[in-house]
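Here is a short report on a fold and its metal site. Keep the model open as you read.

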Amino acid sequence: MREDLIGHSEAGRPISVVHVGGETAPLRILIVAGQHGDERRGRQAVTQFVEHGQPAQDRAAPVGIAVVPDANPDGTAQGVRTNARGVDLNRDHLRLAAAETRALHQFVRSWRPHLVVDVHDFPPRRRHLLAQQLVYCHDVFLDVPTHPVARHPALGPKGSRLLQPVLGALNAAGYRSARYTRVTRSGRVRHSTPDVVDARNGLALRYGVPTILVETRGPSRRDDPTVESHVVAGVQLALALIVRWAQEHRVPLTEARPRMPADDSVPVRTRYRHAARPCRLAFADPHSGEIRTVVVPGRFTPHLEATWRVRLPRAYAVPRDRAALLEVLRRHAFALVPPSPDGIQRIERYWIERLKPSRRPDRSPHDLTLSVQLESGSLDEHVLVPVGADGGAALAVLLEPASKHGLARFAEMELPVAPQAAYPIWRVV
Ligand SMILES: [Zn+2]
């Protein structure tokens with residue numbers, strides 16, 4: 001085991017990575033814990049996994065595991081969810097505003113893991129579910145990337161190639177486990193969101209790396225004393241099963257690239273589709289603790305379908321004066337190049353015809369209508385972001401005005417998506 005420094009928190013605390021197995025192994029797995037400083041169980045499970053439960057090194061399938069046992073040391077020190085500047089790190093993987101998130105991305109770029117596992121705690125008691133006499137009872141929830149551009153072929157459709165065997169083995173070993181299932185206050189039943197601000201979708205989108213979310217049941221004042229060690233052991237087993245799964249799927253993990261459609265069309269907007277059947281899930285009774293499987297109240301919409309696709313241009317042209325946006329692209333290590341001096345280029349410019357603004361902050365508008373004009377123009381006032389093989393699809397998600405999860409929804413980027421306005425980023429075709 002070897003400990004390395006990968007960066008510092010906003011308050012100057014060290015962020016370290018522990019290497020287990022060969023750092024240069026042909027199969028590399030990164031395990032991250034503690035992005036939320038108030039989630040103690042996940043951190044504890046990961047620390048114990050490193051200390052006691054090191055995965056057996058299979059000589060036929062050597063694996064290098066890097067563990068970040070505490071991704072948010074300031075939050076841990078204070079016992080709070082955010083970092084010292086109040087940034088929720090697991091909502092910062094798009095803008096990379098926090099030193100902690102930037103350190104993690106830099107490490108992913110330099111070490112190039114083939115799989116990233118992000119460990120969290122979930123609160124078992126939610127007020128709107130308690131009103132229905134339901135308390136989450138699962139020891140471990142797992143999920144995979146859900147944004148269509150962030151999916152990876154090694155995980156299979158909807159992650160089933162990983163989720164089925166790992167969840168099956170966990171349940172067989174006596175740890176209640178399922179795919180992460182959210183029941184919203186407004187009555188929707190879904191898995192994780194397709195937004196790309198969290199590590200699961202954000203890292204997968206930017207680096208084409210498959211990711212797995214591990215959610216362990218957080219403490220509850222009604223827990224009896226044996227619960228904690230059982231839940232923590234469940235997470236350790238989940239990590240060991242994921243490592244073994246990765247060893248068995250080394251070839252698709254290390255060789256397969258996220259699929260790009262043949263016509264280069266990138267889905268940037270999605271819609272939830274209803275399932276034919278309601279969701280059934282085990283819950284505990286808040287009073288007796290008795291566990292029973294119930295039809296989850298709410299509309300079950302587990303499927304996402306793409307409703308808007310864009311063809312990739314050769315490059316995006318960003319106005320030079322959009323400093324905040326250019327800074328975000330720099331933090332993601334996208335190449336930013338000056339336009340060639342020979343001047344005139346074929347460009348596509350968007351004109352925003354109509355939209356319905358979202359009522360919620362930092363959300364993209366609904367019912368968007370755009371028109372495109374093909375022109376010849378000078379790019380003297382722009383910086384080019386070439387859409388190379390690596391991360392090109394991510395650029396469409398970040399920069400297209402139609403993207404539901406792009407940067408235009410954040411006011412500080414100065415990318416107004418407003419009716420009867422020109423969109424400032426151009427497509428070089
Ligand atoms: Zn969390």
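## Zinc site

Four donors count as tetrahedral if all angles lie between 85 and 135 degrees; four count as square planar and six as octahedral if opposite donors are over 155 degrees apart and all others between 65 and 115; anything else is irregular. Donors here are N, O and S atoms within 2.8 Å of the metal (3.2 Å for Na, K and Ca); water is not among the atoms, so sites may look incomplete.

This is a predicted model: local features need pLDDT of at least 70, side-chain atom pairs count only at pLDDT 80 or more, and totals for chains, interfaces and linings use all residues. Side-chain values use heavy atoms, without hydrogens and water, and residue numbers start from 1 along each chain as its sequence is written.

The zinc ion has protein donors H36 (ND1), E39 (OE), E39 (OE) and H120 (ND1), at 2.0 to 2.3 Å. The 4 donor atoms subtend angles of 57 to 150° at the zinc ion, so the arrangement is irregular.

## Where the donors sit

The donor residues follow the spacing H-x2-E-x80-H. H36 lies in the loop between β3 (27-33) and α1 (40-51), and H120 in strand β5, so the pair ties together parts 84 residues apart in sequence. Helices (H or I, at least four residues) and strands (E, at least two) are DSSP runs, numbered from the N terminus.

H36 is buried (under 20% relative accessible area; exposed is over 50%, partly exposed in between; 1.4 Å probe, protein chains only), at 2%. H120 is buried, with a relative accessible area of 2%.

## The sheet

An open sheet of 8 strands runs β1-β2-β4-β3-β5-β11-β7-β8, with mixed pairing. Pairing takes at least two DSSP bridges between two strands. The edge strands are β1 (2-8) and β8 (177-179).
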